[in-house]
Amino acid sequence: MAAIAPADRHSAVTEMPDELRADVRLLGGLLGQVIAEHGGPDLLADVERLRKAVIGARRGDTTTDQVAALVAEWPIDRAVLIARAFTCYFHLANLAEEHYRIRILRQRDRDDVPLKESLAEAVRELRGYERPDDLIGGLEYRPVLTAHPTEARRRAVVTAIQRISGQLDAYNAPDRGAGEREEAHRRLLEEIDLLWRTAQLRSTKLDPLDEVRTAMAAFDETLFRVVPQIYRALDTALQPGTGTREPLAKAYIRYGSWIGGDRDGNPNVTSKVTREAVLIQAEHVLTALENAAIRIGRTMTAGAKDTPPSADLRAALARATGDFPDMVSEMATRSPEEPHRQWLFFAAARIAATRRRDLDLAYRSPSELLDDLRLVQESLRDAGALRQAYGELQHLIWQVETFGFHLAELEVRQHSQVHAATLEEITSGSLSGRGEEVLATIRTIAWIQERFGVTACSRYVVSFTRSAEDIAAVYELARHALGDRAPVLDVVPLFESGADLDNAAAVLSGMVELEPVRRRLAANGRRLEVMLGYSDSAKELGPAAATLRLYDAQAALTAWAEANDIRLTLFHGRGGALGRGGGPANRAVLAQAPGSVAGRFKVTEQGEVIFARYGHSAIARRHIEQVTNAVLLASTPTVESRTAAAAAKFRALAERVASASERAYRALTEAPGFAEWFALVSPLEEIGSLRLGSRPARRGLGAPRSLEDLRAIPWVFAWAQTRVNLPGWFGLGSGLAEVVSGGGLSELRSAYKEWPLFASLLDNVEMSLAKTDRAIASRYLALGGRADFTGQVLKEYDRTRKLVLETTGHSRLLENRRVLSRAVQLRDPYVDALSHLQLRALSALRADGDLSERERDRLSALLLLSVNGVAAGLQNTG
């Protein structure tokens with residue numbers, strides 16, 4: 001595929017850094033070579049014709065009708081190959097941008113000044129805080145991985161891209177000789193050829209355990225190694241001398257997972273799946289810990305003469321020799337006079353035994369392993385080997401503290417109605433299969449706790465919590481399942497709808513009166529967790545009204561917790577896309593209600609977000625540091641008071657915006673026939689054929705009759721494909737117009753400058769608008785045959801775009817975010833190409849006519865491949 005020429009996209013390309021331009025040209029050129037080798041020069045020529053046509057349409061040199069006519073010329077099989085070409089191009093362009101971002105992060109990290117939004121910057125800012133040690137000491141960050149189906153790429157495609165990434169690193173390495181560079185070039189071409197030949201679409205549906213194994217790749221390749229680097233960075237920032245003293249940084253990150261535990265609306269997640277999920281997690285973390293202990297043991301060659309073991313270590317080795325004479329003697333023979341090395345090898349053997357379930361040798365808990373590691377650490381310290389005591393060995397200690405033997409806490413989620421129905425069945429004496437499964441799940445939680453400890457699985461999230469009775473139901477079911485042997489449960493209410501968010505504090509008041517909850521509060525230091533659902537609230541209320549409603553819920557819950565002496569953790573159920581609470585996580589933290597963070601942040605990481613944030617160690621580290629920076633700063637009195645003052649000042653303004661916004665949003669989405677129209681103008685139905693995950697795309701069977709029938713992910717995903725991105729912005733324009741019509745533009749501008757919540761809302765809307773294309777969106781909307789709906793959407797788009805720019809003071813969208821703006825500008829024409837290909841398929845399928853089964857299958861293949869490509873081009877799905 002020909003590289004982007006400066007004449008093609010002048011404004012964006014002139015801003016493109018040389019290194020990024022070189023990588024895009026290299027990868028695009030190699031892809032073009034592969035395309036020509038596979039389909040001949042005519043195929044590459046057709047790809048180029050479409051590329052130039054969509055660029056011409058952006059310039060005004062041609063029209064979208066002419067582009068559509070060009071696309072209609074090709075046979076479907078040819079159109080499929082062209083769609084594959086643009087999809088592969090986006091995978092490579094994304095990779096080039098990722099490499100550039102990593103390069104820039106490394107360059108900036110060489111400066112003496114702390115990197116912006118880093119841990120070092122946060123610690124420096126905290127120096128003036130009244131009790132910085134208390135804040136850092138109580139710091140908690142809990143990312144929760146979920147299997148929400150938003151990753152459109154196959155795992156095979158992701159791994160192919162990772163191999164290309166490795167070869168691009170090798171090709172660009174500054175110290176490579178000509179021969180090595182030529183070999184890296186050859187391997188790049190080989191891997192790009194394989195990417196081209198790899199099927200972009202899944203042929204079989206994922207099951208929940210496939211999703212578990214996919215998530216494990218992020219742990220194996222990134223998280224296990226990055227976490228101690230984060231702690232080391234914090235320790236370095238806190239005090240000089242890290243690695244030669246006892247660390248001041250504690251292990252503050254705890255991963256959670258819903259993958260294999262979230263059964264709300266997913267009948268494929270069973271008690272057996274939950275049991276297998278935690279076993280898979282344990283296998284991965286125990287293998288990683290064993291390998292780390294062996295690696296450190298091999299390097300721990302300090303001799304007993306210069307680094308004498310402590311009396312405690314000598315005694316421990318003697319006991320081990322008595323209990324396992326052959327094993328320890330063999331270690332002593334291999335590592336004579338190296339007691340610290342022997343002990344680490346012995347610890348590695350015990351970790352392996354834990355993984356194999358060899359109970360004679362196995363550790364009974366992670367705390368036993370930590371005791372053994374600290375034993376050798378203290379011995380090294382007492383012998384004066386401080387760098388050995390607090391170097392790589394400390395990393396292993398941090399890894400055990402973070403991941404334990406279970407890797408991530410497996411959380412269970414189920415709908416409140418399922419619990420209520422099961423209790424009714426128990427009362428009637430006739431238990432259904434679903435009811436049996438509810439009780440079996442609780443028994444599985446008890447088994448996990450017995451095997452791996454309470455921290456491995458104790459949180460039970462109740463979707464659509466409406467009252468304290470919904471919480472009591474879980475404890476009652478646990479009693480029916482196991483009686484006095486019921487597992488320890490921390491039941492977490494999930495508030496999702498607008499009404500439920502308003503009623504959340506009242507529900508908690510009833511919840512803390514429940515005897516099982518009172519016992520847990522007494523045992524855990526009065527800690528309570530509440531989950532807030534961003535996706536469903538945004539789908540119900542629209543982005544602006546949902547943002548304010550969630551903020552109000554946070555403020556009310558924070559006040560309730562203070563009044564009731566509760567240490568509250570708010571669990572933010574945020575999606576990856578802007579229409580589901582997505583956007584930059586650190587900015588979202590700083591926009592939270594005052595007092596609601598308090599040094600603790602828990603959030604879902606969903607679908608494509610997992611690999612976007614944890615696919616590369618440098619990006620993973622940057623993401624975690626940015627979030628931690630925001631959590632620390634958002635918890636300081638200075639930021640809290642400033643945010644509180646802004647919220648009070650602009651409260652009435654925000655209510656006017658939210659109220660008018662919600663009215664406009666509901667007028668569209670609750671209008672008769674809207675759901676049916678949406679299904680016609682978008683690839684909503686076809687998205688289910690992408691086999692993105694094990695969870696059904698909608699509630700119930702048949703075409704959606706209302707928004708309630710749709711899950712939030714396909715709702716957002718389908719709108720993104722139409723280039724409308726409606727869930728990310730619709731209604732805000734009407735809200736802003738309500739204020740502007742009364743002469744309030746200057747107040748809106750002040751709110752944007754002073755209130756982080758309002759700024760975050762408008763910035764996210766601006767990003768969503770920038771990914772919207774009015775001309776192409778109009779072609780999608782016309783497929784529904786409802787000029788009234790089309791008019792409403794386009795009028796609101798024009799209003800929102802105009803008033804957002806007037807409020808922010810920007811002359812164009814994303815004016816203050818040059819990197820993102822450049823990326824969107826460069827991608828737009830290529831996304832246009834895929835959109836036109838998708839429109840051809842969608843139009844033919846919607847027209848129905850006399851299509852044969854073969855024609856329908858080929859059109860569906862083109863449609864699905866274009867869906868995959870547009871998702872890659874926009875860099876988000878749901």
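Where is Glu117 placed?

1. Basis of the note. This is a predicted model, in which local features need pLDDT of at least 70 and side-chain atom pairs count only at pLDDT 80 or more, while totals for chains, interfaces and linings use all residues. Residues are numbered from 1 along each chain as its sequence is written, and side-chain values use heavy atoms, with hydrogens and water left out.

2. Glu117. Glu117 lies in the loop between α4 (76-108) and α5 (119-126); helices (H or I, at least four residues) and strands (E, at least two) are DSSP runs, numbered from the N terminus. Although Glu117 is not a glycine, its phi is positive, at about 65°. Its relative accessibility is 22%, so Glu117 counts as partly exposed. Here buried means under 20% relative accessible area, exposed over 50%, and partly exposed in between (1.4 Å probe, protein chains only).

3. Arg526. The loop between α22 (515-523) and β7 (527-533) holds Arg526. Arg526 is a residue other than glycine with a positive phi, near 60°. With a relative accessible area of 31%, Arg526 is partly exposed.

4. Helix α13. Residues 339-356 form α13, a helix of 18 residues that reaches 26 Å from its first C-alpha to its last, close to the 26 Å expected at 1.5 Å a residue. The expected span is 1.5 Å times one less than the number of residues. Helix α13 is mostly covered, with 16 of its 18 residues buried. Just after α13, Arg357 adopts a positive phi of about 70°.

5. Helix α32. In α32 (residues 712-721), 10 of the 10 residues are buried, so the helix is largely enclosed by the rest of the structure. Among these buried residues are Trp715, Phe717, Trp719 and Gln721.

6. Gln33 and Trp719. Gln33 is in helix α2 (residues 18-59) and, at 33% relative accessibility, counts as partly exposed. The C-alpha atoms of Gln33 and Trp719 are separated by 34 Å, the two residues being 686 residues apart along the chain.

7. Helices α7 and α8. Helix α7 (residues 155-172) packs with helix α8 (residues 178-197) at an angle of about 165°, and their axes are 9 Å apart. This makes α7 roughly antiparallel to α8. Axes are lines fitted to C-alpha atoms, for helices over the stretch in contact, and angles run from 0 to 180 degrees between N-to-C directions. Angles under 35 degrees count as roughly parallel, over 145 as roughly antiparallel, 65 to 115 as roughly perpendicular and the rest as oblique. The crossing of α7 and α8 is left-handed (the near helix is turned anticlockwise from the far one by less than a right angle; clockwise is right-handed). Contact (heavy atoms within 4.5 Å) involves residues including Ile161, Ile164 and Leu168 of α7 and Leu188, Ile192 and Leu195 of α8. By class, this contact of α7 with α8 has 12 nonpolar, three polar and four charged residues. Ala, Val, Leu, Ile, Met, Phe, Trp, Tyr, Cys and Pro count as nonpolar, Asp, Glu, Lys and Arg as charged, and the others, Gly among them, as polar.

8. Helices α23 and α24. Helix α23 (residues 534-541) and helix α24 (residues 543-563) pack at about 130°, with axes 7 Å apart. That makes α23 oblique to α24, and the crossing is right-handed. Tyr534, Ser537, Ala538 and Leu541 of α23 meet residues of α24 including Pro543, Arg549 and Gln554. The contact of α23 with α24 has seven nonpolar, two polar and one charged residues.
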